[in-house]
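Reader: I have a model on my screen and would like to understand the terms used for it. Could you walk me through them?

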Amino acid sequence: MPTVVLMDSSLSMTRPVSVEGSEEFQRKNLAVHGLTMLFEHMATNYRMEFTSLIAFSSLWELMVPFTRDYNTLQEALNNLEDYDKTCLEAALQGVSNVVQQEWGTACPCQVVLVTDGALGIGRGSLRHSLQTVKQRVEDKKFPLPFPFPSKFYVMCIANAEELQATDGMDNLEQLVNLNDGEGQIYTMEGPLCLKSVQSMFGKLIDQAYSPFHAVLRCGNLTSDVQVFPRPEPVIIDEEVDPLPKTVQTDLEIVGFIEIGDISSPPVLSRHLVLPIAVNKEGDEMGTGTSDETEEETSTNQMAGKSPNFCVLLHGSLKVEGMVALVQLGPDWFGMLYSQADSKKKSNLMMSLFEFGSEPLPWLGRISQLGPASDAAENPYGEDDSKSPFPIQPKHKRSYAQNVTVWIKASGLQTDVQKILRNARKLPEKTQTFYKELNRLRKAALAFGFWELLKNMAELLERECTLLPDSAHPDAAFQLSHAAQQLKLASSGDLKYAGFEHNITPMLTDFSGGGGGTERI
Amino acid sequence: MRVFSVSHKTAFVVDHCPYMAESSRQLIECDMLTKSRSQGVIPLAPVSKSLWTCAIECSMEYCRILYDIYPTKKLVNYIVSDSEVHILNSWKQQDQSTHELMAALAAVGPPNPRQDPECCSVLHGLVAAVESLCKITEYQHESRTALMDTADRVANRGRIVCLTNAKSDTHVRMLEDCVLETIQEQNKLAAGSDRLMPIQQCELVLVHIYPQGDDTLVSDRQKKELSSVLSSEVHSVRAGRYLACKLNVLVQQHFDLASTTITNIPMKPTLNVCEQEEQHANTSANYDVELLHHRDAHMEFIKSGDLHMAGSTSRDSGLKETVTLKWCTPRTNSVELHYCTGAYRISPVDVNSRPSSCLTNFLLNGRSVLLEQPRKSGSKVISHMLSSHGGEIFLHVLNSTRSTLEDPPSISEGCGGRVTDYRITDFGEFMRENRLTPFPDSMVDAAGRAPVERAKSQLERHTRYWPMIISQTTIFNMQAVVPLANLIVKDTLTDEDVLTCQKTVYNLVDMERKSDPLPISTVGSRGKGPKRDEQYRIMWNELETLVKTHVGTSERHQRVLECISACRSKPPEEEERKKRGRKREDKEDKTEKNGKDTEEKGWTTDSERLKGVMEREKDEQSECEIIKDSPDSPEPLNKKPRLATEEQQPPEKSKGPVSLLTLWTNRITQANSRKHQEFAGRLSSVNNKAELYQHLKEENGMDVHENGKTTR
């Protein structure tokens, strides 16, 4: 979940705050202090996160495009200049553009707005934007809700009382509501000082940037892991089951399936599964990137040298071309597999399936998947040539059966011509002739299209008269028999018009010289 | 997403009154004579469908698309109305198929034009439809039962699609009023019943069908709320293909569908499955096929505004939009795991047209096709994939935007990444043995466990003793142990299995007698590695450890262990040595962990460690007595391997590099230590502190402590 930090650089941010003691702070300084804390947290605990920095006043500017380099972000933050008035709408539009350009509309993003809650006056002010929100034309829509899934966090360098004194708070709340309620407003508690700004950003970190640690388990083999980005709760059916489902911290492998059998399943999200070494204090030792202190490096080396289940699992999944089915919670499953980023680098990845007991129709209900060794006969075959997947659905879909559709005239004409073509090749094509004839008969009966049956009968009778002298005598018998049967069916007489009834070929015997005794 | 939305229940009401027998006046020429045969033959008159036939075939098409895309949870109740009501099926899932409906329709037959029009009305059907909507479906029932006290969260909504020939706008108004009234009545009734539910929301879709060439007597009307429960819309449509288009549009609206046209499908003879009857089989032309599917498959286009760019209007109806995606000729069947954000069932619009059936047959034969999306910028990107799974075709949405997970640290840079001798192949074998397979719904074992629970418990059994790296194990590197190792993890053993295990053990005894070499890793060791008898001792210990973890499973497992214990029995003094050896080994483990700062730093393999063990053993031979009395002795031998699975992080890993002085001092101390008998206390000390009265702890049932630290 990439993050966009939207920093208010309007003049009002330079308002001084009275701090007991020596130095005088501006609100901007407090904001920078808070963001510094956030960046530091991300650099150590959330370092795979892409973050970008946008500064805005009446205009907006992308200061740092999405990056994992928190030094660059920090530097840009420290060098922010002060501009004119606040104009939030344009800036939000900017956020929307920047995110869509980089990640499209499917990738969830977090937007962190840092402001003093003075949201401008007159045209371009948030108040004005919100008042006109309903009167927009198609191409000048208000940027919220964002077209991508998002969380909109507002960090106010002001306390709640101050915001409530104006309509700042109301406007901000309205803003979050516009984003389908996805987001939260944070205000400072107590006096505006470094401590309270720290506590405010601390809350944001707990809410949005706490790393997700879990234990990956395969029977008795386990590994501590960090799952990144952290899996977010999902709501299945807001009406029947409004409680969000969360991924549990115990990820239990259920069994293994070939990549070909799991067959590019649709997933809710993808996550890196990074093995971590948990030391006595309980905090992780990092997952290995460049700039660490010497001490960290040596501990990392140690961790690198002790066998880890994740590495074993990853290696085998990669070599065998398989995935591990993993249980994420009650009725929720996902898969673990090896994902190659480049030729050299590859990683253990986890994808979450849709919540539910049957996320993939071709696997069936997951609770009904058991060890292949329990089956009476090896479902994969002795030489691994077979597979129990995919599961066949009970009913075939229309395109997998020979359905009859006559909505277009051509559909009907094709079916009629097919019968006539076979009629001319009797008796060789007797089977196909009756198969096609019965198909037409069934559909005509269901559609109440008796006229067609009569018409077809006439066509067959005429076909009979046109038979060349060289024709097999059986052809004439079959044609008149079929025509007669169709006529009977078109009368609606239940004896002949039964849907499941089929016209069977007339039994003729020309070998014995008996000469076409009818035996029906 | 809501399961019990309006589209959960659709009641189809089709008018079966005498006037529906009227011709649609759309003529179809059936008698298309080929030139050579046409002389002297008068062609037959063309046929025309009745209004009834038009209504039925279009409603069947609606159902066909619906069932293709939603095989479950979207239910249809089909009602035919004349002087009475014919209810052709129920809400039951098993009744939901076009075949069932067609059979029932054949039984009803076309309307009888001679029936008394006075006693026939579509009203009977509408009343029945409302009654039917009040009936609870199996899904609603299931959900209500599962929710218990919050059962009221299960909503009851539905839609009535009525195909009729109305007299006038007033007639339409009358039908609407009737539905509204019936809902109010039925809701009162339903409130007092367990098997009925009041209708919370109902959409009435009235489709007025009139013959071609006539003027309509009924005007179209947009959706309008008639009450808080009922909304109604009126469509006035000419019979024939106009009606077909209308119902196609409606099914899309009602079930959130969208249309994709696959373009540039090459129909070369090689791809062609149904060419026999086609004369142009040898020409390669490009065809288009239109598919319907859930509209979420277009989410990315809709949001990014690429929809209009990508789409063109469908050729058949000017009403709907379709997104055009280009066929990319598939490579050979490579098995690849695509990052796919959604998969949606499809239904071809024109199911039995040649291009459609060629495409679907191609897919049903197991090939996948990637689809390319034309973009505003002119660049091309693969955005979708068509693929069939078990006879169902799905449109997969592939992720085509930048990934937030790009450039992650390689797994080799993280924890355990520097270890090179993982048992990758063995674990691969393990995964194959633990592959999953579907079991029928009734399959629960004696303990009432679902198959998935059995799978988990099998994994647990198979991993009770499973060293992750090659140098941690001897037995798993030996072909001779395989039969036993494969059998012992099983839940139940037969007598024959036990016999096989015993044979394996005898075979090992034989090997030992013959002093066959064991595959104990000697990589990087100085000298020859451990002695043969020491190797076997280690092997037997490990084998015992493996079997011991399964000894509780059954009495037969126990017999395997007994066999091992019996076969490996040694003269008493050897037993002693063994015990000490084990103790020493544990200690060595410690040394190894702490060992980064000692001279023994280089000991990375077992064999080297063993060498050390043995050297020490010689020196310490005389301290037997003391050690023999050690309270550690009775503990089973499976301590060391457990380390492998349960303690992945050595406890003292945080020590930094060591100074030269320390290295030197250690070396001297070590050299000196060999020249005299070490005090027992110092020998087992940590930081020169020895824990006293260790045995007390153990007698209290705690884990064994050695050197003041846990070994497990």
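Reader: What makes strand E16 (residues 369–371) of chain A and strand E19 (residues 436–438) of chain B a pair?

Author: Happy to explain, and please keep in mind that this is a predicted model. Two strands pair if DSSP finds at least two bridges between them. Three bridges join E16 of chain A to E19 of chain B, so the pair meets that rule. The two strands run antiparallel, and A:Leu369 stands opposite B:Pro438 in E19(B).

Reader: Why is the link between B:Arg157 and A:Glu239 called a salt bridge?

Author: The term asks for a side-chain nitrogen of Lys or Arg within 4 Å of a carboxyl oxygen of Asp or Glu. Here the closest N and O atoms are 2.6 Å apart, so the pair of an Arg and a Glu qualifies. The count between chain B and chain A is 13 salt bridges.

Reader: Let's turn to chain A. Why is strand E6 (residues 109–115) described as largely enclosed by the rest of the structure?

Author: Seven of the seven residues of E6 in chain A are buried, so the strand is largely enclosed. A:Cys109, A:Val111, A:Leu113 and A:Thr115 point one way from E6(A), while A:Gln110, A:Val112 and A:Val114 point the other way, and all are buried. In a regular strand, side chains alternate between the two faces of the sheet.

Reader: Which strands does E6(A) pair with?

Author: Five bridges join strand E1 (residues 3–8) of chain A to E6(A), and these two run parallel. A:Leu6 has A:Leu113 as its bridge partner in E6(A). Seven bridges join E6(A) to strand E7 (residues 150–159) of chain A, also running parallel. There, A:Leu113 stands opposite A:Val154 in E7(A).

Conventions. Residues are numbered from 1 along each chain as its sequence is written. Chains are lettered from A and ligands numbered from 1 in the order in which they are written. This is a predicted model: local features need pLDDT of at least 70, side-chain atom pairs count only at pLDDT 80 or more; totals for chains, interfaces and linings use all residues. Side-chain values use heavy atoms; hydrogens and water are left out. Helices (H or I, at least four residues) and strands (E, at least two) are DSSP runs, numbered from the N terminus. Buried means under 20% relative accessible area, exposed over 50%, partly exposed in between (1.4 Å probe, protein chains only).
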